[in-house]
Amino acid sequence: MKLYSYFRSSAAYRVRIALNLKELSYETESIHLVKNEQQMDRYKNLNPSQLVPTLIDDDNVFLQSMSILEYLEEQYPTKALLPKSLIERAKVRAFSQAIACDIHPLNNLRVLKYLNNELAICDQQKNDWYTQWVIEGFKSLELQLQHSNGQFCFGTKPTFADCCLIPQVYNAKRFKIDLSAFPKIESIYLHCLTLPAFLNASPEQQPDWE
């Protein structure tokens with residue numbers, strides 16, 4: 001199994017966490033987004049979106065982090081990352097997609113680069129943009145976590161929701177966003193980072209960390 005990844009990509013980070021939680025062995029190949037390696041023909045032929053992650057398993061190519069998580073859950077059901085209850089699975093998916101579909105797309109690298117380069121927005125304006133959409137998204141997430149035990153988003157085991165939340169919080173902290181208004185989010189983040197599967201998936205532990 002091979003994962004095309006970039007150490008700072010929160011989408012790739014999600015998949016690294018899931019692979020680690022499921023105790024699946026994989027090889028990592030770095031696609032450096034800042035150096036535009038995603039635009040190289042060899043990678044475009046693999047992933048026409050020119051994004052990471054891309055997962056190769058048994059010569060099959062899988063794109064999009066949430067689709068990859070679903071594939072891993074179905075193909076490798078041991079150490080499940082979705083609850084047994086249909087209702088709880090829907091809640092986990094909704095929470096995960098709020099991050100993957102609502103927060104992350106507004107703040108991923110290619111959007112921030114476009115704001116800087118094409119729209120000539122200064123770094124402070126770019127940071128304000130990032131902060132606005134993270135805070136708006138986190139307000140909703142915090143409300144969805146009102147019944148969380150403060151260790152994981154839903155229940156007593158990690159799920160897709162935690163795989164998505166921890167990278168998003170990591171990025172928020174990198175942009176120095178004050179998370180004091182989100183005690184559940186902060187508590188879950190701190191707890192998950194005590195677990196090897198999350199810690200070993202962190203950007204600092206990746207071979208392309210710089």
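Author: Let's take the pockets in turn, then a record annotation. This is a predicted model, where local features need pLDDT of at least 70, side-chain atom pairs count only at pLDDT 80 or more, and totals for chains, interfaces and linings use all residues. Residues are numbered from 1 along each chain as its sequence is written, and side-chain values use heavy atoms, leaving out hydrogens and water.

Reader: What volume does the largest pocket have?

Author: A pocket is an open set of points on a 1 Å grid over the protein atoms alone where a 1.4 Å probe fits, with protein on both sides within 12 Å along at least five of seven lines. Volume is the space filled by probe spheres set on the points, joined across faces, edges and corners. Here it's about 780 Å³.

Reader: Which residues lie nearest its centre?

Author: L33, L51, H104, N108 and L109, out of 37 lining residues (those with an atom within 4 Å of a point). Helices are DSSP runs of H or I, at least four residues, numbered from the N terminus; α4 gives the most to this lining, with 6 residues. By type, the lining has 16 nonpolar, 16 polar and 5 charged residues (Ala, Val, Leu, Ile, Met, Phe, Trp, Tyr, Cys and Pro are nonpolar, Asp, Glu, Lys and Arg charged, the others, Gly among them, polar).

Reader: And what about the second largest pocket?

Author: That one is about 380 Å³. A80, L82, K157, P158 and T159 are closest to its centre, among 16 lining residues, which split into 7 nonpolar, 4 polar and 5 charged.

Reader: Where does UniProt place the GST N-terminal domain?

Author: The unreviewed entry puts it at residues 1-80, though annotations may be inferred rather than shown by experiment.

Key: Helices (H or I, at least four residues) and strands (E, at least two) are DSSP runs, numbered from the N terminus.
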